[in-house]
Amino acid sequence: IPALNRYSHERAWKQFRIGPSLGVAHPRSQFPVEAFNQYAAQLVPAWRDPIELQRNVAGLMALIDRIGPAILLTWSQSGMFGFHAAVQRPNLVKAVISLEPSTISAEGVTPELTPANLKALANIPILLQVGDYDAPRVASLRKFAASIGNQASVLALTEQGIFGNGHVVMIEKNNLQVADLLIQRLERIMPGLAQ
C-alpha cells in the first residue's frame, strides 16, 4: 500500500493550526471555525508515494507546456510539484509562490530536491509564505530559501503584522489581505510585472 496521509477532524484541526484541540481555536485564528465541517468534508487522503510526485509533476508540466509561461501558485504538498516543474521548465516557470510548503525539514532541506535541483531553482523568483503558530517553520523555510539563493524569499505573515493564519490561508477570513500582500511582494521581486 503506498504511503498516504489521512486526516481525521482532530488531526486536521491541530496540524492545519486552527487551534490546540478540536473545537478550540487559537485566540486570533482567522479560520472560519463555523465552516470547519464544510471544509473537512473535502479532506481526502494525500498520497505520498514517490511515484505520485512524478505523476503530479508530469501533469503540471503538460499544462505549462500547453498554456505557456506561468507563475505557479502552490499550497502545502503541491509546493514540491511547483519546485520540480520549475527545475524542468525554467524557461516557462516565471516564478513560484508557495503557500505553506510542506516536506521541508527543520534543517531547511527536503529529500525530494537534489543539490542540482536547488541550483536550477536559483534563477527563478520563489516566494515562500508561512502563517502563524509555527515559529520553527519560519526558520526552516529561511534555511530552505538560503539553499536556493538570492531569488528565494520568505514572507512570514506575523512579521508583516498579520496574525492568526494557519495552514489554509486561502480560505481564512483575511485571505484578501494576504493575497494583496503576496501580489505586492511578487511585484517587488518581478519588476515590470504589473505592465
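E52 forms a salt bridge with R55, the closest N and O atoms being 2.8 Å apart; a salt bridge here is a side-chain nitrogen of Lys or Arg within 4 Å of a carboxyl oxygen of Asp or Glu. The model is predicted, with local features needing pLDDT of at least 70 and side-chain atom pairs counting only at pLDDT 80 or more, while totals for chains, interfaces and linings use all residues. Residues are numbered from 1 along each chain as its sequence is written, and side-chain values use heavy atoms, leaving out hydrogens and water.

**Salt bridges**

- The structure holds 5 salt bridges.
- E52 and R55 are both in helix α3 (residues 50-67), 3 residues apart, or about one turn of the helix. Helices (H or I, at least four residues) and strands (E, at least two) are DSSP runs, numbered from the N terminus.
- An α-helix has 3.6 residues a turn, so residues three or four places apart point the same way.
- E159 forms a salt bridge with R142, and the closest N and O atoms are 2.7 Å apart. R142 belongs to helix α6 (residues 135-148) and E159 to the loop between β6 (152-156) and α7 (175-189), so the pair ties together parts that are 17 residues apart in sequence.
- E159 counts as partly exposed because its relative accessibility is 48%, and R142 counts as partly exposed at 36%. Buried means under 20% relative accessible area, exposed over 50%, and partly exposed in between (1.4 Å probe, protein chains only).
- Salt bridges that share partners join R17, E100 and R137 into one network.

**H84 and its surroundings**

- H84 lies in helix α4 (residues 78-88) and counts as buried, at 11% relative accessibility.
- A polar atom of the H84 side chain lies 3.0 Å from the backbone oxygen of E112.
- Leaving aside neighbours within four places in sequence, H84 is in contact (heavy atoms within 4.5 Å) with L53, V57, E112, L113 and N117.

- M190 is found in the segment after α7 and counts as buried, at 16% relative accessibility.
- M190 and A95 are 95 residues apart in sequence, and their C-alpha atoms are 8.5 Å apart in space.
- Apart from neighbours within four places in sequence, the contacts of M190 are I71, K94, A95 and P125.

**Helix α6**

- At 1.5 Å a residue, the 14 residues of α6 should span 20 Å, and the end C-alpha atoms are 21 Å apart, which agrees. The expected span is 1.5 Å times one less than the number of residues.
- The buried residues in α6 are R137, V138, S140, L141, F144, A145 and I148. Seen down the helix axis, the buried residues of α6 fall within an arc of 165°, so they line one face of the helix; the arc is that of the directions from the helix axis to the C-beta atoms.
- These buried residues pack against α4, α5, β5 (126-130) and β6.
- On the face of α6 turned away from its buried side are the exposed residues A135, P136 and A146.

Conventions
A polar contact is a pair of N or O atoms within 3.5 Å; within protein, one must be able to donate a hydrogen and the other to accept it, and residues adjacent in sequence count only if both atoms are side-chain atoms.
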